Amino acid sequence: MPRLEEVLKTLESYISGSGGPFLTGDQVTLADVSISLSLTMLDLVPPVDLAASYPAVAAWNAKVEGGTLKAVNKDGKFTEARANMKAYAQMLKEKALSGAH
């Protein structure tokens with residue numbers, strides 16, 4: 001987990017200093033979408049309380065997950081991708097817990 005903590009600390013620092021509300025300023029970009037989707041995989045590791053430990057990351061991710069991406073999500077693909085990532089993470093977690101390979 002040290003590497004994950006290092007990445008989250010770097011992301012926290014970057015978001016806090018970006019002048020945001022997004023990674024590169026006022027416009028949501030592919031970077032925001034990509035990293036937000038990647039955070040979905042945090043379900044695979046021991047609980048990480050983003051709000052407590054990384055409040056800027058949590059606030060940024062809430063904006064990305066929320067209504068801000070309506071323009072990007074017109075056809076529902078972002079919502080569908082996030083749901084698929086969550087389902088995949090859950091499947092991997094269950095597989096790991098059951099000892100299956």
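What covers the buried residues of H2? The cover includes H1, H4 and helix H5 (77-98). Helices here are DSSP runs of H or I, at least four residues, numbered from the N terminus. Contact means heavy atoms within 4.5 Å.

A word on the source. This is a predicted model, where local features need pLDDT of at least 70, side-chain atom pairs count only at pLDDT 80 or more, and totals for chains, interfaces and linings use all residues. Residues are numbered from 1 along each chain as its sequence is written, and side-chain values use heavy atoms, with hydrogens and water left out.

Back to H2. Its buried residues are Asp 32, Val 33, Ser 36, Leu 37 and Leu 39. Buried means under 20% relative accessible area, with a 1.4 Å probe and protein chains only. These residues sit on the same side of H2, because they cover an arc of only 155 degrees around the axis. That arc is taken from the directions from the helix axis to the C-beta atoms.

Next, the core. A nonpolar core joins buried Ala, Val, Leu, Ile, Met, Phe, Trp, Tyr and Cys residues through side-chain atoms within 4.5 Å. The largest one has 16 residues, and Ile 15, Leu 39, Leu 50, Val 57 and Trp 60 touch the most other members. H1, helix H2 (30-39) and H4 each supply at least two residues. H4 gives the most, with four.

Finally, Trp 60. Leaving out residues up to four places away in sequence, Trp 60 touches Ile 15, Pro 21, Phe 22, Leu 23, Asp 32, Ile 35, Ser 36 and Leu 39.

Key
Buried < 20%, exposed > 50% of the residue type's maximum accessible area, 1.4 Å probe, protein only.
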